[in-house]
Amino acid sequence: MTEPADNLVKAIINGIEVQAPSNLSVIQALWHAGYPRVKSVGCMEGVCGSCRVLVRRAGAREVTTELGCELLVEEGMEVNFLLFPNPTHHTYQLDDIPNSWEVQDRFHHIFPEAAHCRSCGGCTTACPKGIEVERGVELAAKGKFAEAGDLFVECVMCNLCQTGCPETIAPNHVGLFARRVTAYFHIRPSNLINRLERLRRGEMQVVE
Ligand code: SF4
Ligand code: SF4
C-alpha cells in the first residue's frame, strides 16, 4: 500500500538524502529509497547488534548511538552506519579456571584494562539497549560476576560500548565473561535441568 505523501519524511543516511514514510526504520527507509536489499545480514529485530548507527536529530546538538533496525526515520534526521570496530583480543577457556576462588584473579589477567575504568560513563551513554554498562564493568572488576552478568542480559554485542571507551575496555566482553563464569560455577536453573532430564529420558522430542 502506498503511504500518503504527508507521512513522508526526508533524512540524510550515510550522506545521501532519502525520502521515506515515517513508520519505516532507517534500514527500511534505505530499501524504500531503492538501495539493494541484502538478505541474511542482520536480524532486523534489535537482537544481533550489527546495524549500529550514529544519529543526530533535527535541531539537536548531541549525537546518539542506536540500532538502525529499531530506529524510525524522522524529518531532518542525519544517520551514519558504523563499521565494526577491531575485534577484542581477549581469549580464555573456562576449563582453565580450576575453581571459583580463582575467577577474580583470572579476570584481571584476561581483562587487565578493566581496572583502569575512569567511570566516565561513555559506554553507558553509547549503549542502545539502555544497559548500565559502566556499573557492570565496576561490579565485574570487584568480582561480583553474578550481579554484573545480570546487567548484560539484554546485550546484543553491537560493540558500541567498546567504541566509546577511552581505556579500550571491551565492556560487552566483560559482561559475557561474567555471565559465562556465573553459569559455569553455579548450579544451572532448575527448569533447564528438569527439561534436559526429560530429554534424556525420551519424554521430550527435539524438533529440528
Ligand atoms: S553493552 Fe555494549 S555491546 Fe552490549 S548492547 Fe550495550 S553497547 Fe552494545
Ligand atoms: S567507557 Fe570505559 S572507562 Fe568509561 S565508564 Fe565505560 S568502561 Fe569505564
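The model is predicted, so local features need pLDDT of at least 70 and side-chain atom pairs count only at pLDDT 80 or more, while totals for chains, interfaces and linings use all residues. Residues are numbered from 1 along each chain as its sequence is written, and chains are lettered from A and ligands numbered from 1 in the order in which they are written.

Start with the domains. The protein chain is assigned domain 1 (5-81) and domain 2 (94-184). These bounds come from an automatic or database domain assignment. The domain centres, taken over C-alpha atoms, are separated by 30 Å. Domain 1 puts 8 residues into the contact and domain 2 puts in 6. Two residues are in contact if their C-beta atoms, placed from the backbone, lie within 7 Å. On the side of domain 1 that touches domain 2, β4 supplies the largest share, 3 residues. By class, that side has 3 nonpolar, 3 polar and 2 charged residues. Here Ala, Val, Leu, Ile, Met, Phe, Trp, Tyr, Cys and Pro count as nonpolar, Asp, Glu, Lys and Arg as charged, and the others, Gly among them, as polar.

Next comes the sheet. Five strands form an open sheet in the order β2-β1-β5-β3-β4, and the pairing is mixed. β2 (16-21) and β4 (64-67) are the edge strands; each has a single partner, so one side of each lacks a neighbour in the sheet. Strands (E, at least two residues) and helices (H or I, at least four) are DSSP runs, numbered from the N terminus. Two strands pair if DSSP finds at least two bridges between them.

Follow β1 (residues 8-13). Its side chains alternate. β1 and β2 run antiparallel, joined by 6 bridges. Across this pair, K10 faces Q19 of β2. Their hairpin has 2 residues between the strands, and N14 there takes a positive phi near 50 degrees. β1 also pairs with β5 (residues 78-81), in the parallel sense, over 2 bridges. There I12 stands opposite E78. Elsewhere in the sheet, β3 (residues 52-56) pairs with β4 over 4 bridges, in the antiparallel sense. L54 is set opposite T65 of β4.

Now turn to α4 (133-141). Its buried residues are V133, E134, G136, V137, L139 and A140. They pack against α2 (103-110), α3, α5 (145-151), α6 and α7. After α4 comes G143, with a positive phi near 85 degrees.

The ligands come last. Ligand 1 is surrounded by 15 residues, the closest being C127, C155, C158, C161 and N172. Ligand 2 has 16 residues around it, and C117, C120, G122, C123 and C165 are the closest. Here α3 (122-126) and α4 give two or more residues to the shell. α4 gives the most, with 3 residues. This shell has 9 nonpolar, 4 polar and 3 charged residues. For both shells, a residue is near a molecule if its C-beta atom, placed from the backbone, lies within 6 Å of it.

Methods. A residue is buried if 20 or more other C-beta atoms lie within 10 Å of its own, exposed if 12 or fewer, and partly exposed in between; C-beta atoms are placed from the backbone.
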